[in-house]
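Reader: I would like to learn how to read this structure. Please take me through it one feature at a time.

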Amino acid sequence: MHNHDILIRLRYALDIKNKDMVEIFKLGDIEVTREEVMQMLTKPKDDYYDEYDEYDDDMDEDEDGVNCNNMMLESFLNGLIIFKRGRQEPKPGQPQSQAPAVKNKESVNNILLKKLKIALTLTSEDMIDILEEAGVMITKGELSAILRKVGHRNYKECGDRYARNFLKGLTLRYRG
């Protein structure tokens, strides 16, 4: 699943207005205009995606508009946490800004689920219920493995199926 698909689905599921999208990006330390947000939320003309098609994460713009790379998506998710829960004051000795958590394309879905869990103050049971609403059965152990840090011995990569259905379940819960 591409980053602009995630933004489109998340915006719809949580019913986020355009001005709020700009504000959320700003809270995540990325300045974008309303027009740039609209371009990110527009599906490209070439709507066919090959599962082996690589998304160029280094490219910020193309002839159609603005691409949402991994750094922008993570900043948006960080901004969403601040938008929903407020800014957290760093503890003494804690660095001001965190290192980017998205290391590669494979970890995007894991980061998405982790940050949505924080932003929406969801418990593991809530997440399991949301996935069940979308027709996906997952155990608490499987969910725990998906939410673990990369490199942990029980870490499991979150596939597009879980991420897509989690966003679908959010839509059913918040808009249904």
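**Reading the helices and their contacts**

Author: Among contacts in the protein between residues at least 6 apart in sequence, 70% join residues at least 24 apart. Contact here means heavy atoms within 4.5 Å. This is a predicted model, where local features need pLDDT of at least 70, side-chain atom pairs count only at pLDDT 80 or more, and totals for chains, interfaces and linings use all residues. Residues are numbered from 1 along each chain as its sequence is written, and side-chain values use heavy atoms, with hydrogens and water left out.

Reader: How many helices and strands are there in the protein?

Author: Helices (H or I, at least four residues) and strands (E, at least two) are DSSP runs, numbered from the N terminus. The protein has eight helices and two strands. Their order from the N terminus is α-α-α-β-β-α-α-α-α-α.

Reader: How do I read the packing of two helices?

Author: Two packed helices are described by the angle between their axes and the distance between the axes. Axes are lines fitted to C-alpha atoms, for helices over the stretch in contact, and angles run from 0 to 180 degrees between N-to-C directions. Take helix α4 (residues 70–85) and helix α5 (residues 108–119): their axes come within 9 Å and cross at roughly 10°. Therefore α4 is roughly parallel to α5, a term for angles under 35 degrees.

Reader: Which classes do the residues of the contact of α4 with α5 divide into?

Author: Ala, Val, Leu, Ile, Met, Phe, Trp, Tyr, Cys and Pro count as nonpolar, Asp, Glu, Lys and Arg as charged, and the others, Gly among them, as polar. The contact of α4 with α5 has ten nonpolar, two polar and four charged residues.

Reader: Where does helix α1 meet α5?

Author: Asn3, Ile6 and Leu10 of α1 meet Val108, Asn109, Leu112 and Leu116 of α5. By class, five residues of this contact are nonpolar, two are polar and none is charged. The axes of α1 (residues 3–14) and α5 come within 12 Å and cross at roughly 25°, so α1 too is roughly parallel to α5.

Reader: Which residues of helix α7 are buried?

Author: Buried means under 20% relative accessible area, with a 1.4 Å probe and protein chains only. In α7 (residues 140–147), the buried residues are Leu143, Ala145, Ile146 and Leu147. Their cover includes α5, α6 (124–133) and α8 (160–175). Across the protein, buried residues make up 43% of the 176 residues.

Key. Angles under 35 degrees count as roughly parallel, over 145 as roughly antiparallel, 65 to 115 as roughly perpendicular and the rest as oblique. Buried means under 20% relative accessible area, exposed over 50%, partly exposed in between (1.4 Å probe, protein chains only).
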